[in-house]
Amino acid sequence: MQPTKTLHTLGPQSTDCYRAALVYERRHPDVDWQLQLHPSFPAVLQAVEQDPGAQILLPAALQLADGTDWGTLHYRYLERWQLVDVFTHPLDPLVLVHSQRHTGIVDLHPATAEVVQHRLPAKTQFRYAPSKWAAYQAYQRDGEFCVTNQANLQPAETVLKRWQVDMVWTVYQVQEDETCES
């Protein structure tokens, strides 16, 4: 009988994290995976705190709205998370789209801000979302620009720029509390 393990990451199924989780599961066919998708990375972090023994999949480019990045998390949880795998898998093509609205708002995930920092008008307001999928949902309401995955787009979108992005993915094993050393 195969061991069962839970893998936590960002959802929904349209996210790059979901696609990377599927790649990771295929790399480890000897495990019966229970994939848990969460609406934001803070929700992922909270869930693994309640699920010792589970695994967590994070992109190396992770950045939260408060500025916390993958490196910060790597060291913050040094005594609680054990790095068990690292692999590369490309993101869905990343795109910058533009609507006919003149709101001055760009919707994006915080990790993607650097790619458009100098491509947009100086007065553009950056509105952060917990995922590129969520950024596109906000953009559809009232955004002027959006950085998202190409797979999220409606057919009639105006694409200003497209990037092919390779990503490094990390997988941690969350340790039981009693196994942590002080």
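Author: What follows looks at one helix, then its sheet, then the nonpolar cores. The model is predicted.

Start with helix α5, residues 132-142. Which of its residues are buried? They are Lys-132, Ala-134, Ala-135, Tyr-136, Ala-138 and Tyr-139. An α-helix has 3.6 residues a turn, so residues three or four places apart point the same way.

Helix α5 lies across β5, β6, β7 and β8. Its direction is at about 150° to β8.

Next, the sheet. It is open, with five strands in the order β7-β6-β8-β5-β9. The pairing is mixed. β7 and β9 (158-163) are the edge strands, and each pairs on one side only. From one strand to the next, the twist averages 25°. β6 and β8 run parallel, joined by two bridges. Asp-107 has Cys-146 of β8 as its bridge partner.

Finally, the cores. The largest nonpolar core has 28 residues. Phe-41, Ile-56, Leu-57, Trp-81, Phe-87 and Trp-169 touch the most other members. At least two residues of this core come from each of β1 (4-10), α1, α2 (41-49), β3 (55-59), β4 (81-90) and β10 (166-174). A second, separate core has ten residues, including Leu-94, Ala-113, Val-116 and Leu-120.

Terms used
Residues numbered from 1 in each chain as written. Predicted model: local features only at pLDDT ≥ 70, side-chain atom pairs only at ≥ 80, totals over all residues. Heavy atoms only, no water. Buried < 20%, exposed > 50% of the residue type's maximum accessible area, 1.4 Å probe, protein only. Helix = DSSP H or I, 4+ residues; strand = E, 2+ residues; numbered from the N terminus. Pairing = 2+ DSSP bridges. Axes fitted to C-alpha atoms, helices over the stretch in contact; angles between N-to-C directions. Contact = heavy atoms within 4.5 Å. Core = buried A, V, L, I, M, F, W, Y, C linked by side-chain atoms within 4.5 Å.
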